[in-house]
Amino acid sequence: AETSCNSSSQPHEKAIHGTYAHGAHNDFVLIYDPMNTLEVRPDHVVRICSRTGGIGADGFIRVGRCPEGLWFMDYRNGDGSISEMCGNGVRTLAWYLVAKGYEAAKAFPIATRAGVKHATVHSADSISVTMNKISVVPGEITVAANGNTWTGYNINAGNPHAVVFVRDVSEAGALTEPPAVTPAAAYPNGGNVEFVADTPSGELKMRVFERGAGETQACGTGTCAVALAASLRGGQTLPARWTIHNPGGTMVVDLDAEGLAVLTGPAAIVSEHDLSAFFA
């Protein structure tokens, strides 16, 4: 159960070491905590992820372990809120575990709040993870940003997404504020918004505004949501493969006949940090 993988409520007295890493420049700070002893509060995460006074990241990952031995991705958005799932977070965590020598296998399961995902590390440029079944939620949604309004798709990728197709991703504007999505009832806890444009090669280009983080350089679940929306828009039957260019890097999504997705792309470890001051 998720709670059995959760961190302790006990304050941590030792030095706290963290790693800054990214998946297609969707960036994270990771702390290795296999004994689940580290208490992580929302204010800790906000300070660590701040791009002005902290390390600076889209999200935070406490690397925990469940009693049955599975790795657990305790994922938090940059604003300190808990998130069910982060595709690039899982990919980055998989690369971190292998690169650090914590995981000897090249293919292994990782538990998340959205269920167990299976990661395969081919190389730093190619880490794959099985995602949730990606599904469309009935009902039309609209997204407004930068004086424009589009109709689009409500996609469930283990977390909620609003996907709209635009002529050029610049039409979304600066994305310094959350796009307005209606009906609000379709996203009771907020959602992630993807703006998608076609490329001459038949591939896709996207930008994403993530709930709890703002515009990010890439979004794994969002990329999977875009793949299904693109298939639906074109009347394409599954299985399907889409190559999708996020600002931070290119990822490939393979959707099987049931809508189960495999997300593949790069990840990198950038730097190591003493995070003790952020927990003081």
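Of the 280 residues of the protein, 52% count as buried. The model is a predicted one. Its secondary structure comprises 3 helices and 18 strands.

**Overall form**

The C-alpha trace spans about 55 × 35 × 30 Å along its principal axes. The radius of gyration is 18 Å, which agrees with the value near 19 Å that a compact globule of 280 residues would have. Among contacts between residues at least 6 apart in sequence, 62% join residues at least 24 apart.

The accessible surface of the protein amounts to about 11,500 Å², and carbon and sulfur atoms account for 53% of it. As to charge, the protein carries 19 positive and 27 negative side chains. The centres of these two sets lie 2 Å apart.

**Cysteines**

How many disulfides does a search of the whole structure find? The search finds 1 disulfide. This disulfide joins C5 to C66, with an S to S distance of 2.0 Å. The link of C5 and C66 is right-handed, with 105 degrees about the S-S bond. The pair connects distant parts of the chain, 61 residues apart: C5 belongs to the segment before β1 (17-23), whereas C66 is in the loop between β3 (59-65) and β4 (71-77).

C49 is in no disulfide, and the nearest cysteine sulfur, that of C86, is 11 Å away. C224 is likewise in no disulfide; here the nearest cysteine sulfur is that of C219, at 8.7 Å.

| Residue | Relative accessible area | Class |
|---|---|---|
| C5 | 3% | buried |
| C66 | 5% | buried |
| C49 | 5% | buried |
| C224 | 0% | buried |

Each entry falls in the buried class because that class covers values under 20% relative accessible area.

**A loop position**

Where is A184 placed? A184 is in the loop between β11 (180-182) and β12 (192-198). Is this residue, A184, buried or exposed? A184 is exposed, since its relative accessible area is 59% and the exposed class begins over 50%. The C-alpha atoms of A184 and I141 are separated by 9.1 Å, although the two residues are 43 residues apart along the chain.

Note on methods. Residues numbered from 1 in each chain as written. Predicted model: local features only at pLDDT ≥ 70, side-chain atom pairs only at ≥ 80, totals over all residues. Heavy atoms only, no water. Helix = DSSP H or I, 4+ residues; strand = E, 2+ residues; numbered from the N terminus. Buried < 20%, exposed > 50% of the residue type's maximum accessible area, 1.4 Å probe, protein only. Disulfide = S-S within 2.5 Å. Rg over C-alpha atoms; globule rule 2.2 N^0.38 Å. Contact = heavy atoms within 4.5 Å. Areas by Shrake-Rupley, 256 points an atom, 1.4 Å probe, with all protein chains shown as cover. Lys, Arg positive; Asp, Glu negative; His and termini not counted. Charge placed at Lys NZ, Arg CZ, Asp CG, Glu CD.
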